[in-house]
Amino acid sequence: MLTADKALLVIHGLAAGVLAGASIHNALLSWRDFVRGRATNVRLQRLYPRVVAGAWLLTMGLGLVLYPPFRVHVRGAVFDPMMPIATGLFEIKEHWLAIATILMCYLVPSSAHLGAAAASAVDRPLYHLSTIALGVIVAYATVVGLTLAAIQPV
Amino acid sequence: MSSPTLHPHGPALLAGVITSLVAYVAGWLGMVPVLAYMPATGAFTFSPDPDLIAMSYYGLLLLGGVSFGVGYLATRAVTATRALTPGAARALSRVAAVIAVGALLAVAVVELGERSHDGDGDAAPRSENTVPASLPGAG
C-alpha cells in the first residue's frame, strides 16, 4: 500500500537523483579544472552549485520529515537488532551529509565568483577539493540510501 | 582592495565553516549539550529519557547552523574594519580543509568501529548521534 511516507520517500529518491547528477557533474568539472589543469565551462561551474543547492534543500527537507518514522519503524525495529552495519552505513551517510551541508554554505556563494579573475584566489584549492568531496559524499549517500530503502522502506 | 578569496566575504565564510564543523563534531561526541527529539512524545529536550528513542540529528544541525552564523558574523565584524592578509586567508582555508577531512574520517572510523562490535549479540545501539561508550566523555 502506498502510504504518505512511502510517497515522500519516492520524491526524496527522485530529488536525490537530481542532486547526485548535479553534484557529480560539478565534481568532474572541478577535477578537470583543478586536478587536470584543463579549460572548463565556467558557466556550468556557476550553474551546477545552484542546482545542487535547490536539490539539496528539497532532498534534505524531505529526509528530515521522513527521519522519525525511519528511526522508529526501520532502524529501531529492523536495522539495529538485525543489521547493525546498516545502521553504521546510514549514520555515516547522515553525518557526512551534515558536514557537506556546512561546506555548501561556503561553496555556493563562492561559486558565483569563479572565472579567470579567481585564478589567484588563495582558497581556490579548498573550493575545488570541497566540490570533489561533495560529489563523492552525495554518490555514497545515494547508493546507501537507495540500498537501505530497497532492504526496508519506511 | 580586491579580496584574496573567491568570495569577497570568503574569510567570514571560512570562519563560519570552521566554527560550525568544530561545534558539530563536539556535539556528536557529546562534548556539548545537544537538543534531542523524542519521536514517541514529539517533544524536544536536552535530557532525553534513556528508555525512549531519542534523535539528536535535528539538534546537531541546529548547533552547526547557529555556530556557522556566529563564526561568520564575528569574522565579518573584524574584517569590516581591517582586511585579512592573503596569508591569513590561506591559513583559514587550510584549517577548514584539515578540520573537514578530520571530521569525515572520524565519523567513518567511529561509526563503523561501533557497528563492528555489535555483532557479538549485544546489538542494542548507542543513543543516536551520541558519543560511543568506548570514547572518553561518554555519558
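Leaving out residues up to four places away in sequence, Ile99(A) touches Leu21(B), Ala100(B), Ala103(B) and Leu104(B); touching, or being in contact, means that the C-beta atoms, placed from the backbone, lie within 7 Å. What you're looking at is a predicted model, where local features need pLDDT of at least 70, side-chain atom pairs count only at pLDDT 80 or more, and totals for chains, interfaces and linings use all residues. Residues are numbered from 1 along each chain as its sequence is written, while chains are lettered from A and ligands numbered from 1 in the order in which they are written.

**The core.** Ile99(A) is also one of the residues that touch the most other members of the largest nonpolar core, which has 76 residues. Others in that group include Trp96(A), Leu19(A), Val17(B) and Tyr24(B). Such a core is a set of buried Ala, Val, Leu, Ile, Met, Phe, Trp, Tyr and Cys residues joined through C-beta atoms within 7 Å. Buried means 20 or more other C-beta atoms within 10 Å of the residue's own; 12 or fewer makes a residue exposed, and anything in between partly exposed, again with C-beta atoms placed from the backbone. H3(A) gives the largest share of this core, 14 residues. Helices (H or I, at least four residues) and strands (E, at least two) are DSSP runs, numbered from the N terminus.

**Chain A.** This chain has four helices and zero strands. Its C-alpha atoms fill a box of roughly 55 × 25 × 20 Å along the principal axes. Of its 154 residues, 46% count as buried.

**The contact.** Chain B puts in 40 residues and chain A 34.

By class, the side has 27 nonpolar, eight polar and five charged residues. Here Ala, Val, Leu, Ile, Met, Phe, Trp, Tyr, Cys and Pro count as nonpolar, Asp, Glu, Lys and Arg as charged, and the others, Gly among them, as polar.

**Helix H3 of chain B.** With 31 residues, H3(B) reaches 45 Å from its first C-alpha to its last, close to the 45 Å expected at 1.5 Å a residue; the expected span is 1.5 Å times one less than the number of residues. Its buried residues include Ala100(B), Ala103(B) and Leu104(B), along with Glu111(B) and Arg115(B). Their cover includes H3 (84–111) and H4 (124–151) of chain A together with H1 of chain B.

**His7(B).** This residue sits in the segment before H1 of chain B. His7(B) counts as buried because it has 22 C-beta neighbours inside 10 Å. Neighbours within four places in sequence aside, it is in contact with Pro109(A), Ser110(A), His113(A) and Leu13(B).

The model scores ipTM 0.92 and pTM 0.89. Chain B averages a pLDDT (the predictor's confidence in each residue, from 0 to 100) of 85, and 82% of the residues score at least 70. Among the elements of chain B, H1(B) has the highest mean pLDDT (97) and H3(B) the lowest (93). Over residues 120–127 of chain B, though, the pLDDT is below 50, and it stays under 50 over residues 129–139 of chain B.

Methods. Contact = placed C-beta atoms within 7 Å.
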